[in-house]
Amino acid sequence: MIRVIRTEVRRSNALTLSVLLLLASALVLAASMHQWDRQWLLFSYQQAGGLLLLVPLALAGGAMLGRREARTRADELMSSTGRPRWQKVFPPAAALAVAVTWAHLLTLAIGATVIGATGGLLNVAGALPALVDITVLVGAGWLGFAAARAWPTPALPAALAALVLVGQVAVEFTAADSRLRNLTLNLPPPGNAWESFNTEALLGRLALGAGLLLGGLLLGAGASRLLRAAGLAAAAAGMVLAVAVTPLGPGARYQVDAAAQRLVCADGTPEVCVTAGYAYELPTVTPAVRRALTLLAKLPAHRPARSSGAPTPPPPSTPRSSAAPHRRRNPPRSCSASTPTTASAAPVTCSGRERWTRRL
């Protein structure tokens with residue numbers, strides 16, 4: 001069977017489709033490189049948003065493969081053989097799935113290599129959306145394949161791709177509180193570089209992909225009208241589950257990734273810290289920040305406890321007491337002040353110890 005699938009990959013349009021998907025992904029990611037540069041979670045978001053272009057391509061590619069028998073006028077010959085329908089459908093469908101999976105995983109591997117080589121943070125949370133999106137792409141390809149086997153008209157591949165794009169535009173024009181917006185492939189951006197897709201968003205995308213996969217399989221391989229009707233029902237059920245499970249709202253799909261938000265500090269004092277997602281900037285910013293802290297140390301007392309983009313009232317002055325001198329002579333080693341959560345880069349003094357924290 002592996003030899004048959006390998007032959008199908010070579011003789012069908014599967015390789016051409018995989019190259020087109022790879023080039024389309026590269027185009028989307030290259031155009032937005034300034035947004036995800038060395039940021040693994042932002043790269044994951046950009047790759048997931050690229051499905052707006054990849055799904056119509058996969059659908060059209062599957063439809064072109066489904067038209068192969070009619071285009072070569074071999075449909076009557078193939079239908080005259082005594083093999084079951086699923087045996088005729090399985091090799092080209094498997095070749096299509098292999099090509100689509102290879103293209104998407106290769107894009108993910110190239111992105112991980114580039115980000116890892118430049119010092120960016122890599123974790124499993126950034127890879128999960130791409131693995132889930134493979135089911136959506138393969139399901140779209142199988143639906144196009146099944147549709148073309150039923151209606152092998154030359155205009156069908158372009159019509160299917162245009163139908164998806166028109167449907168996405170229609171979804172964007174729905175009300176802001178409409179759950180139909182959960183069908184969009186043009187995902188809202190995360191609020192910060194340390195946010196990843198939450199479980200509900202991934203489950204909604206997985207439900208959509210599973211519905212498309214099952215629907216394409218039953219429509220393509222089903223020998224009876226009942227099985228083909230079940231395929232349509234499965235595809236519709238996947239969309240309904242995606243609408244119901246996916247959280248509604250611009251930031252509802254994301255959660256804070258603890259690994260990307262944790263602080264990474266440079267050796268020495270004063271202590272300079274950045275979030276793990278920006279750890280590659282630590283060697284560059286540490287000397288400049290320590291020079292700035294040295295200059296700030298010469299200023300009068302009552303410096304603010306922290307500095308952020310939003311104006312904050314100055315902290316109330318603490319009257320001298322018998323414990324005040326001991327606090328200066330023996331500062332504790334732990335920092336109990338709250339870490340800034342806004343986008344800022346400022347010195348922080350808490351319990352006598354200086355820390356420079358950068359929240360991006």
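Helix α12 (residues 225-245) has 21 residues and reaches 30 Å from its first C-alpha to its last, close to the 30 Å expected at 1.5 Å a residue; the expected span is 1.5 Å times one less than the number of residues. The model is predicted: local features need pLDDT of at least 70, side-chain atom pairs count only at pLDDT 80 or more, and totals for chains, interfaces and linings use all residues. Residues are numbered from 1 along each chain as its sequence is written, and side-chain values use heavy atoms, with hydrogens and water left out. The secondary structure of the chain comes to 15 helices and six strands, where helices (H or I, at least four residues) and strands (E, at least two) are DSSP runs numbered from the N terminus.

**The chain as a whole**

- Of the 360 residues of the chain, 43% count as buried; buried means under 20% relative accessible area, exposed over 50%, and partly exposed in between (1.4 Å probe, protein chains only).
- Among contacts between residues at least 6 apart in sequence, 72% join residues at least 24 apart, a contact being heavy atoms within 4.5 Å.

- In α12 the buried residues are G231, A234, A235, G238, A242 and V243.
- Helix α11 (199-221) is included in what covers these buried residues of α12.
- Helix α9 (residues 128-150) has 23 residues and spans 34 Å from its first C-alpha to its last, close to the 33 Å expected at 1.5 Å a residue.
- Because 19 of the 23 residues of α9 are buried, α9 is largely enclosed by the rest of the structure.

**Packing against helix α8**

- Two packed helices are described by the angle between their axes and the distance between the axes.
- The axes of helix α5 (residues 51-66) and helix α8 (residues 85-117) come within 11 Å and cross at roughly 155°; axes are lines fitted to C-alpha atoms, for helices over the stretch in contact, and angles run from 0 to 180 degrees between N-to-C directions.
- That angle makes α5 roughly antiparallel to α8, given that angles under 35 degrees count as roughly parallel, over 145 as roughly antiparallel, 65 to 115 as roughly perpendicular and the rest as oblique.
- The crossing of α5 and α8 is right-handed; a crossing is right-handed if the near helix is turned clockwise from the far one by less than a right angle, and left-handed if anticlockwise.
- On the α5 side L51, L54, G62 and L65 take part, and they meet P92, L96 and H104 in α8.
- The axes of α4 and α8 come within 11 Å and cross at roughly 155°, and α4 and α8 are therefore roughly antiparallel to each other.
- Helix α4 passes α8 in a right-handed crossing, with the contact made by W40, F43 and Q47 of α4 and H104, T107, L108, G111, A112 and I115 of α8.

**Two buried helix residues**

- H104 has its place in helix α8 and is buried, with a relative accessible area of 2%.
- Leaving aside its neighbours within four places in sequence, H104 is in contact with Q47, L51, L54, A130, D133, I134 and L137.
- A63 belongs to helix α5 and is buried, with a relative accessible area of 0%.
- Apart from its neighbours within four places in sequence, A63 is in contact with G144, F145, A148, P157 and L160.

**Loop residues**

- P152 lies in the loop between α9 and α10 (156-172) and is partly exposed, with a relative accessible area of 36%.
- The C-alpha atoms of P152 and G66, 86 residues apart along the chain, are separated by 7.4 Å.
- Between the C-alpha atoms of P152 and A63, 89 residues apart along the chain, the separation is 8.2 Å.
- R38 lies in the loop between α3 (33-36) and α4 (40-49) and, at 29% relative accessibility, counts as partly exposed.
- The phi of R38 is near 65°, a positive value in a residue other than glycine.

- Strand β3 (residues 263-265) and β4 pair in the antiparallel sense over three bridges; two strands pair if DSSP finds at least two bridges between them.
- L263 stands opposite T275 in β4.
- β3 and β4 form a hairpin with five residues between them, and G268 in the turn has a positive phi of about 95°.
- Strand β4 (residues 271-275) is mostly covered, five of its five residues being buried.
- E271, C273 and T275 point one way from β4, V272 and V274 point the other way, and all are buried.
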